[in-house]
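Hi everyone, thanks for coming. Please have a look at the sequence and the 3D structure on the screen, and then I'll walk you through it.

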Amino acid sequence: MIQHLQISGITLRSKIHNREILFGGNKKLKIYGLLNCKSGKRMKKENRVFFTDEAEALQNNYRPCGHCMREAYKQWKTSAGN
């Protein structure tokens with residue numbers, strides 16, 4: 001997990017371009033989603049984190065975004081009993 005404030009813009013773009021970062025998340029809400037999600041783009045930098053893959057986000061106890069990852073969210077909601 002990489003915090004947005006701890007990575008330079010150039011390094012971030014490089015990691016995204018090289019597919020080393022595939023998901024973004026909100027550390028306060030513990031939600032992760034696609035990098036192009038409208039909800040994710042609106043969050044503050046200090047709350048934004050990045051993940052290399054979905055498994056890393058799940059290991060850190062983040063849940064899928066209900067907007068950009070609707071099917072994964074439905075599965076999470078069903079399995080979590082929420």
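**A walk through the sheet**

Strands here are DSSP runs of E with at least two residues, helices are runs of H or I with at least four, and both are numbered from the N terminus. Two strands count as paired if DSSP finds at least two bridges between them. Within this pair, glutamine 3 has valine 49 in E4 as its bridge partner.

Before we go on, a word on what you are looking at. This is a predicted model, where local features need pLDDT of at least 70 and side-chain atom pairs count only at pLDDT 80 or more, while totals for chains, interfaces and linings use all residues. Residues are numbered from 1 along each chain as its sequence is written, and side-chain values use heavy atoms, with hydrogens and water left out.

Now, in what order do the five strands sit in the sheet? The order is E1-E4-E2-E3-E5, in an open sheet with mixed pairing. At the edges are strand E1 (2–3) and strand E5 (63–64), each of which pairs on one side only. As a reminder, strands of a sheet pair through backbone hydrogen bonds, either parallel or antiparallel.

Strand E2 (residues 23–26) and strand E3 (residues 31–34) run antiparallel and are joined by four bridges. Here glycine 25 stands opposite tyrosine 32 in E3. The two strands form a hairpin with four residues between them, and lysine 30 in the turn has a positive phi of about 60°. E3 also runs parallel to E5, joined by two bridges, with isoleucine 31 opposite arginine 63 in E5.

Arginine 63 has another neighbour to show you. It lies over the face of tryptophan 76, at 5.5 Å from the ring centre. For a charge to sit over a ring, NZ of Lys or CZ of Arg must be within 6 Å of the ring centre and within 35 degrees of the ring normal.

How many aromatic pairs does a search of the whole structure find? It finds three. In one of them, phenylalanine 51 and tyrosine 62 have ring centres 5.0 Å apart and planes at 70°, so the pair is edge-to-face. The rule is that rings of Phe, Tyr and Trp (its six-membered ring) pair if their centres lie within 6.5 Å; planes under 30 degrees apart are stacked, over 60 edge-to-face, and the rest tilted. Phenylalanine 51 is in strand E4, while tyrosine 62 is in the loop between helix H3 (54–59) and E5, 11 residues apart. Both phenylalanine 51 and tyrosine 62 are buried. Buried means under 20% relative accessible area, exposed over 50%, and partly exposed in between, with a 1.4 Å probe and protein chains only.

Is asparagine 47 buried or exposed? Its relative accessibility is 12%, so asparagine 47 counts as buried. You'll find asparagine 47 in the loop between helix H2 (38–41) and E4. Leaving out residues up to four places away in sequence, asparagine 47 touches Gly25, Asn26, Lys27 and Lys28, where contact means heavy atoms within 4.5 Å.

Finally, let's step back. The chain has four helices and five strands, running β-α-β-β-α-β-α-β-α from the N terminus on. Of its 82 residues, 29% count as buried.
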